[in-house]
Amino acid sequence: MEAAQARGKPYPTEHQNMIRKQNAGAKWFISQAVYDPEPTIRLLRDYAALCRERGVTPRKVVLTFAPVSRQKTMTFIKWLGVRVPEEAEKKILAAEKPVDASVDLLCDILKKILNETLGIGVPLGISCESVSIFKAEIDGVHELFRRLQGILLDSRGSPWKVHWIEVMPPPGQEQKQDKAIVVAPPTGAFTILASVALGGVLVASGTLMASFVRRGR
């Protein structure tokens with residue numbers, strides 16, 4: 001809302017921009033890093049309502065999350081334009097283990113977004129990234145992705161499983177067969193595009209892909 005008012009507009013118009021881009025051929029959208037759920041919830045609801053009004057199918061919206069563990073990184077993501085509520089910033093930086101506090105907070109934010117947008121018809125995905133080369137934050141991305149993936153998949157309301165595919169075996173070892181991990185049945189209704197960007201660090205050990213199987217298949 002503040003950003004819209006700064007541009008001289010009484011109400012955010014990003015949902016209108018999304019429709020315009022969709023009409024021009026956009027297949028999906030990706031957000032900035034989310035630390036305040038309210039603007040995201042409002043955008044998703046406005047976009048869904050405009051899609052219904054125009055008679056078009058909403059495109060997938062990929063929500064980005066980036067863990068923070070130190071003041072330098074917090075300052076940087078705010079410089080990038082990410083809105084971080086003062087209460088959230090203090091909670092993270094005052095914690096004994098800031099990166100863990102950041103991961104917990106972002107998990108709660110995704111849960112709130114899912115609960116507040118349930119049934120509006122906009123398919124959601126997640127993207128996790130590190131905006132620094134600080135080891136604690138890069139490690140935090142792995143844990144954050146694992147937890148956010150489970151939260152989003154659990155919201156679908158059907159059983160799901162994860163396939164681990166080794167795309168580059170260690171030197172001197174032959175390619176191994178694919179491994180499958182079957183996970184407990186979840187609850188909700190969204191689709192997922194799950195990706196991890198590790199601050200420019202390519203993951204050579206493997207690619208995580210999620211496939212979903214509905215109950216009874």
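Analyst: Buried means under 20% relative accessible area, exposed over 50%, and partly exposed in between (1.4 Å probe, protein chains only). The model is predicted, so local features need pLDDT of at least 70 and side-chain atom pairs pLDDT 80 or more, while totals for chains, interfaces and linings use all residues. Numbering starts from 1 along each chain as its sequence is written, and side-chain values use heavy atoms, without hydrogens or water.

Begin with the whole chain. The protein chain has 217 residues, and 40% of them count as buried. The protein chain holds 7 helices and 7 strands (DSSP runs numbered from the N terminus: H or I of at least four residues, E of at least two). Their order from the N terminus is α-α-β-α-β-α-α-α-β-α-β-β-β-β. Take contacts (heavy atoms within 4.5 Å) between residues at least 6 apart in sequence. In the protein chain, 78% of these join residues at least 24 apart.

Now go to strand β3. The strand covers residues 124-129. Because 5 of its 6 residues are buried, strand β3 is largely enclosed by the rest of the structure. Strand β2, residues 60-65, runs parallel to β3. The two are joined by 5 bridges (DSSP must find at least two for strands to pair).

Helix α6, residues 98-116, carries L110. L110 counts as buried because its relative accessibility is 1%. Set aside residues up to four places away in sequence. L110 then touches both L63 and I126, along with F65, L148, I151 and L152. L110 and I126 are 16 residues apart along the chain, and their C-alpha atoms are separated by 9.2 Å.

T40 reaches L63 too. T40 sits in helix α3, residues 37-54. Its relative accessibility is 13%, so T40 counts as buried. Beyond its neighbours within four places in sequence, T40 is in contact with L63, V34 and I113.

Next comes P67, in the loop between β2 and α4. P67 is in a loop, yet P67 counts as buried because its relative accessibility is 1%. Leaving out neighbours within four places in sequence, its contacts include Y35, V99, S102, V103 and L106. E129, E137, G140, V141 and L144 are also among the residues that P67 contacts. I92 lies 25 residues from P67 in sequence, and 9.7 Å from P67 in space, C-alpha to C-alpha.

Then check the cysteines. The count of disulfides (cysteine sulfur atoms within 2.5 Å) comes to 0. C107 is in no disulfide, and the nearest cysteine sulfur belongs to C128, 8.5 Å away. C107 counts as buried because its relative accessible area is 1%. C128 is at 0% relative accessibility, so C128 counts as buried as well.

Last, a residue for contrast. L80 also lies in a loop, the one between α4 (71-79) and α5 (86-93). L80 has 38% relative accessibility, so L80 counts as partly exposed. P67, the loop residue discussed above, is at 1% and counts as buried.
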